[in-house]
Amino acid sequence: GLKKGDKILDIGCGEGRHTIRACQTDGLVCAGADFGFLPLVQTRKKLEFHRALNDISCASIDLVCTDITSLPFGTKSFDCVICSEVLEHITNDAEAISELARIVKPGGTLAVSVPRFWPEKICWVLSDEYFNANMGHVRIYRKKNLVKSIESHDFSLFASHHAHSI
């Protein structure tokens, strides 16, 4: 449902999977943001590769190194915010969700994904390193609790699905 001129943010973009896909959509104003600088360098390289293929048609792209709990974007500045596989890494997820809610325009979309409970629980049981790693997972979400957290910021769940990679 995005249209020319819409602003989209991929927060926690890593090496740019969703950012690059957004940049392939005609006329979008795209931003990718991550806590890590090196993943943003990789995103930039991938964008240059796609640009050389004439595969980038967005109106503009910015990459920002930032902390999800203190975003440098204006209030109500994005039509769509994607937060994919990020919140499980954030110690203060309530502050992160509050920041995400702050930057989405009224009527906009906040698309959030986290690992499913049981596959995540299995990973935690099988490996101490899984959650002890630097920037590792610090919590396991139950869908009901995550939805409640997000809906407390005047959002409404309109779709969900699940998949896992195990």
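Helices here are DSSP runs of H or I with at least four residues, and strands are E runs of at least two, both numbered from the N terminus. Some notes on this one, which is a predicted model.

1. **Overall layout.** Counting that way, the protein has six helices and five strands. Walk along the sequence and you get β-α-β-α-β-β-α-β-α-α-α. There are 166 residues in the protein, and 39% of them are buried. If you take contacts between residues at least 6 apart in sequence, 69% join residues at least 24 apart. The exposed surface comes to about 9700 Å², with carbon and sulfur atoms supplying 54% of it.

2. **The sheet.** All the pairing in this five-strand open sheet is parallel, and the order is S3-S2-S1-S4-S5. At the edges sit strand S3 (60-65) and S5, each of which pairs on one side only. From one strand to the next, the twist averages 15 degrees. As background, strands of a sheet pair through backbone hydrogen bonds, either parallel or antiparallel.

3. **Strand S2 and its neighbours.** S2 has a partner on either side, so let's take them in turn. Towards S3, there are six bridges, with the two strands running parallel; Asp 34 has Cys 65 of S3 as its bridge partner. Towards S1, the pairing is again in the parallel sense, over five bridges, and Asp 10 stands opposite Gly 32 in S2. S2 is largely enclosed by the rest of the structure, because five of its six residues are buried.

4. **Helices on the sheet.** Two packing arrangements are worth a look in the viewer. H2 lies across S2 and S3, and runs at about 165 degrees to S3. H3 lies across S1, S4 and S5, and its angle to S5 is about 140 degrees.

5. **The main core.** The largest nonpolar core has 25 residues, and those touching the most other members are Leu 9, Ile 11, Ile 68, Val 81, Leu 87 and Leu 100. Two or more residues each come from strand S1 (7-11), strand S2 (29-34), strand S4 (78-84), helix H3 (93-103), strand S5 (104-113) and helix H6 (143-151). H3 gives the largest share, five residues. There is another core apart from this one, with 12 residues, including Ala 22, Ile 56, Ile 61 and Cys 80. In soluble globular proteins, nonpolar side chains tend to be buried together.

6. **Ile 11 up close.** Leaving out residues up to four places away in sequence, Ile 11 touches Ala 33, Thr 66, Ile 68, Leu 71, Val 81, Ile 82, Cys 83, Ser 84, Val 86 and Leu 100.

7. **Thr 43.** This threonine sits in helix H2 (residues 37-52). Thr 43 counts as buried because its relative accessibility is 0%. Beyond residues up to four places away in sequence, Thr 43 touches Cys 13, Gly 14, Glu 15, Gly 16, Thr 19 and Leu 63.

8. **Cysteines.** Cys 30 counts as buried, because its relative accessibility is 2%. What about Cys 58? The closest cysteine sulfur to that of Cys 58 is also in Cys 23, at 3.7 Å, which is too far for a bond, given that a disulfide needs the two sulfur atoms within 2.5 Å. Cys 58 counts as buried as well, because its relative accessibility is 14%.

9. Most residues other than glycine have a negative phi. Asn 54 is in the loop between H2 and S3 and counts as exposed, because its relative accessibility is 73%. Lys 76, not a glycine either, also has a positive phi of about 55 degrees. Lys 76 is in the loop between S3 and S4, and counts as partly exposed because its relative accessibility is 48%.

Definitions and conventions
Residues numbered from 1 in each chain as written. Predicted model: local features only at pLDDT ≥ 70, side-chain atom pairs only at ≥ 80, totals over all residues. Heavy atoms only, no water. Core = buried A, V, L, I, M, F, W, Y, C linked by side-chain atoms within 4.5 Å. Buried < 20%, exposed > 50% of the residue type's maximum accessible area, 1.4 Å probe, protein only. Contact = heavy atoms within 4.5 Å. Axes fitted to C-alpha atoms, helices over the stretch in contact; angles between N-to-C directions. Areas by Shrake-Rupley, 256 points an atom, 1.4 Å probe, with all protein chains shown as cover.
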